[in-house]
Amino acid sequence: TLAALGALKNGTVTDLGRKMERFPVESSYSRMLVEGMRYAPAIQSKLATIISLQEVGGIAKSGPRHIGWQKYTRQTRSDLLAQYDVLLAVPHIPEAEYDELGIIGKNIDKAMEIHERLHNDLGLGDGEPLPITPDEEDPLLKCITAGQLHQIWMLDNEGKAIHVTSRQEREVSGTTVAKNASLFTGVPFDLEVVAQNGLETLHLVNNITTLDPTWLPELAPGMFATKAGAIEFDARMGMLVRPVQLTINGKSLQVRGIPVLERTPENQRLFSVLYSNYVEQRLEEERRQLARSNSRHIPRIPPQRIRESIHRIARGVISTIELARQDRMLLYKLAKLETWLSPELMQSLNPPADDRHSPHSGRHHAHRQHWKPKYKRHRD
């Protein structure tokens, strides 16, 4: 762990390791604090508070029955930043509601004691917790990543969390706020739950923080290298992503698309173009599938019409998540032929289920009701 964090090299303490020694916290958190020294005092203060919360095990429960605390955060990139938001909300939450919301009241006072000590060590005064601004998010996430270089995970195509070096497999905690993370840091956590045949242990990754792979070569030179591909539209996530080839100690891994979060005019234009391409592809696949079982001509939908419709609904966005639910549903429907073709034509292309499965489908006959299947299926 110390070698991965850069504190040891060939058994010798590094300059970075000596800087970490001055902080009376776990090595992972001391690495975060050293990274935080690159930034303004406001970011150092927030980072110290985030670490204080983690030093006591957090102030929010992880179980699926205790996620009421999540209504106090809009965070979607880090569970650690989400708990910071909950701390800010604590003065406005009655203590009687803590248990129902999944807030661990006894940890709040403990965390604030560590908060005070760290702020004194860093020379930051009392450091009253203040809301995190949008431009502070990336620096804070980068500092968190610096302290979790030994706990980097990637999401495989089946939704499993794979440790990038040990290849250990775990489940992503269902209570994380970072739902779209494809490359992330996190802490292994085993949770016992009651199952049909007794107790069952879930092997989870908890306290997830989304990371940008381009940070890794800077945080651990010589250990990581990255090569980014062209931006794509990810239909599962509903957003623009950039595929990344990550090299760790000479071994290459293909990482699922990293979300593109920069709201630039170029990314807004790209979303419109790439979503249009996605819709055209889906419509053409459906049209060809129907054409294989129909003799009728099925018209292609003009690309210009598709682009105009998408631009009208999703102008200026870089993900479907930004849209109101009604607009999001309209956007999804553009990828179905029934949105573009008349109901009469669609009905003729998709006959009722009985007609499709009948050996006489497509021909009118007077005695269809007497037809019986050749084989009977028996069910218990």
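Select strands β3 and β6: they pair in the antiparallel sense over 3 bridges. Strands here are DSSP runs of E with at least two residues, helices are runs of H or I with at least four, and both are numbered from the N terminus. Two strands count as paired if DSSP finds at least two bridges between them. The model is predicted, so local features need pLDDT of at least 70 and side-chain atom pairs count only at pLDDT 80 or more, while totals for chains, interfaces and linings use all residues. Residues are numbered from 1 along each chain as its sequence is written, and side-chain values use heavy atoms, with hydrogens and water left out.

**Stop 1: β3 and its partners**

Strand β3 covers residues 152-155. Pick M154 and look across to β6, where its bridge partner is L183. Then turn to β4, which pairs with β3 in the antiparallel sense over 3 bridges. On that side W153 stands opposite H163, and L155 stands opposite A161. Now show the side chains of β3. In a regular strand the side chains alternate between the two faces of the sheet. I152 and M154 point one way, W153 and L155 the other, and all are buried. Buried means under 20% relative accessible area, exposed means over 50%, and partly exposed lies in between (1.4 Å probe, protein chains only).

**Stop 2: two turns along β4**

Follow the chain from β3 into β4. The two form a hairpin with 4 residues between them, and G159 in the turn has a positive phi of about 85 degrees. The next strand, β5, is antiparallel to β4 and joined to it by 3 bridges; here I162 stands opposite E169. This second hairpin has 5 residues between its strands. Select R167 in the loop between β4 (160-163) and β5 (169-172). Its phi is positive, about 65 degrees, although R167 is not a glycine. Most residues other than glycine have a negative phi, and most peptide bonds are trans. R167 is partly exposed, at 41% relative accessibility.

For another case, go to N10, in the loop between β1 (8-9) and β2 (12-13). Its phi is near 55 degrees, and N10 is exposed, with a relative accessible area of 77%.

**Stop 3: the nonpolar cores**

A nonpolar core is a set of buried Ala, Val, Leu, Ile, Met, Phe, Trp, Tyr and Cys residues joined through side-chain atoms within 4.5 Å. Select L33, I103, L149, I152, L183 and F224, which have the most contacts inside the largest core, a set of 63 residues. Helix α4 gives the largest share of this core, 7 residues. Center on L149: leaving aside neighbours within four places in sequence, L149 is in contact (heavy atoms within 4.5 Å) with A4, L5, L216, L219, A220 and F224.

A second, separate core has 28 residues, among them L290, I306, V317 and A335. L290 is found in helix α9 (residues 265-291) and is buried, with a relative accessible area of 9%. Beyond four places in sequence, L290 is in contact with I298, L337, L349 and N350. Draw a distance from L290 to I104: their C-alpha atoms are separated by 56 Å, and the two residues lie 186 residues apart along the chain.

**Stop 4: helix α7**

Select residues 134-146, helix α7, where 10 of the 13 residues are buried. These include E136, E137 and K142 as well as L140, L141 and I144. The buried residues of α7 pack against α2 (27-36), α3 (41-55), α4 (79-89), β6 (183-195), β7 (198-210) and α8 (216-219).

**Stop 5**

Move to strands β10 (residues 239-248) and β11 (residues 251-259), which run antiparallel and are joined by 7 bridges. L246 has L253 in β11 as its bridge partner. The hairpin has 2 residues between the strands, and N249 takes a positive phi near 50 degrees.

Both strands, along with α4 and α7, each supply at least two residues to the lining of the largest pocket. On a 1 Å grid over the protein atoms alone, a pocket is an open set of points where a 1.4 Å probe fits, with protein on both sides within 12 Å along at least five of seven lines; lining residues have an atom within 4 Å of a point. The largest pocket holds about 1400 Å³ of space, a volume being the space filled by probe spheres set on points joined across faces, edges and corners. Finish by selecting T76, R77, E137, P259 and L261, which lie nearest its centre among 41 lining residues.
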